[in-house]
Amino acid sequence: MENSIMYRLGIDPGYLILGLAVITLILFITVIICLVKMGQLYRRYDLFMRGKDAETLEDLLIKQIEDINLLKIEDKTNKENIRAINRNIRASFQKLGLVRYNAFQGMGGNLSFAIALLDYTNSGFVLNSVHSREGCYMYLKRVDRGQTEVLLGSEEREALEQALGYVEYSEPADK
């Protein structure tokens with residue numbers, strides 16, 4: 001046996017056989033694990049495909065893509081509508097100031113008032129209604145970016161300041 005390759009390499013054939021047996025056992029266990037995982041995958045695939053053929057599955061995917069495209073179009077329309085609503089809100093009157101007062105002492109009650117209505121840019125008008133025994137007189141003064149071209153009365157100025165958020169509304173005491 002002195003002429004064998006194993007003898008010349010100095011390897012005992014028993015160790016070689018034992019090493020190959022261990023490698024074979026590891027490979028056998030790996031194959032069993034792969035077969036179990038493949039069986040689980042096949043069961044999941046079978047459950048997924050049960051009752052469906054490739055055509056109906058393709059139809060389902062096409063319908064999902066169409067639904068997504070419809071949702072994208074609807075989303076775009078909704079965003080355009082929201083932008084239009086925001087433009088309309090900015091143009092509408094959204095700030096209010098109101099001052100009730102007694103224009104002429106002895107008339108009984110705070111029947112006169114000044115009201116300021118402003119939009120997003122603090123533009124709008126101040127309406128002053130003066131109530132007297134002879135009648136009711138109304139004066140309208142334009143407001144542009146919080147400023148007026150004409151001089152405001154104290155009640156009108158207070159109503160404008162309320163609308164601008166400078167002062168809080170307070171109910172006047174009847175005299």
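Which element gives the most to the nonpolar patch? Let's work up to that through a few exercises. The structure is a predicted model, in which local features need pLDDT of at least 70, side-chain atom pairs count only at pLDDT 80 or more, and totals for chains, interfaces and linings use all residues. Residues are numbered from 1 along each chain as its sequence is written, and side-chain values use heavy atoms, with hydrogens and water left out.

**Exercise 1.** Find the residues and elements behind the nonpolar surface patch.

*Solution.* First, the rule: patches are made of residues with over 30% relative accessible area and no salt bridge, with like charges joined within 9 Å and nonpolar side chains (Val, Leu, Ile, Met, Phe, Trp, Tyr) within 5 Å. A salt bridge is a side-chain nitrogen of Lys or Arg within 4 Å of a carboxyl oxygen of Asp or Glu. Second, the members are Ile5, Leu9, Ile11, Leu16, Leu20, Ile23 and Leu27, making a patch of about 690 Å²; areas come from the Shrake-Rupley method with a 1.4 Å probe, and for residues only the protein chains shown count as cover. Third, α1 (5–9) and α2 (13–49) each give two or more residues. That settles our opening question: α2 gives the most, with four. As a check on one member, Leu9 sits in helix α1 and counts as exposed because its relative accessibility is 58%.

**Exercise 2.** Work out what surrounds Asp119.

*Solution.* Begin with its place, the loop between β2 and β3 (124–131). Then consider charge (Lys and Arg count as positive, Asp and Glu as negative; His and the chain ends are not counted). Asp119 is buried without a salt bridge, and Lys95, the nearest side chain of opposite charge, is 6.9 Å away. Now its partners: the Asp119 side chain makes a polar contact with that of Thr121 at 3.0 Å. Such a contact is a pair of N or O atoms within 3.5 Å; within protein, one must be able to donate a hydrogen and the other to accept it, and residues adjacent in sequence count only if both atoms are side-chain atoms. Leaving out residues up to four places away in sequence, Asp119 touches Arg90, Ala91, Ser92, Phe93, Gln94 and Lys95, with contact meaning heavy atoms within 4.5 Å.

Definitions and conventions: Buried < 20%, exposed > 50% of the residue type's maximum accessible area, 1.4 Å probe, protein only.
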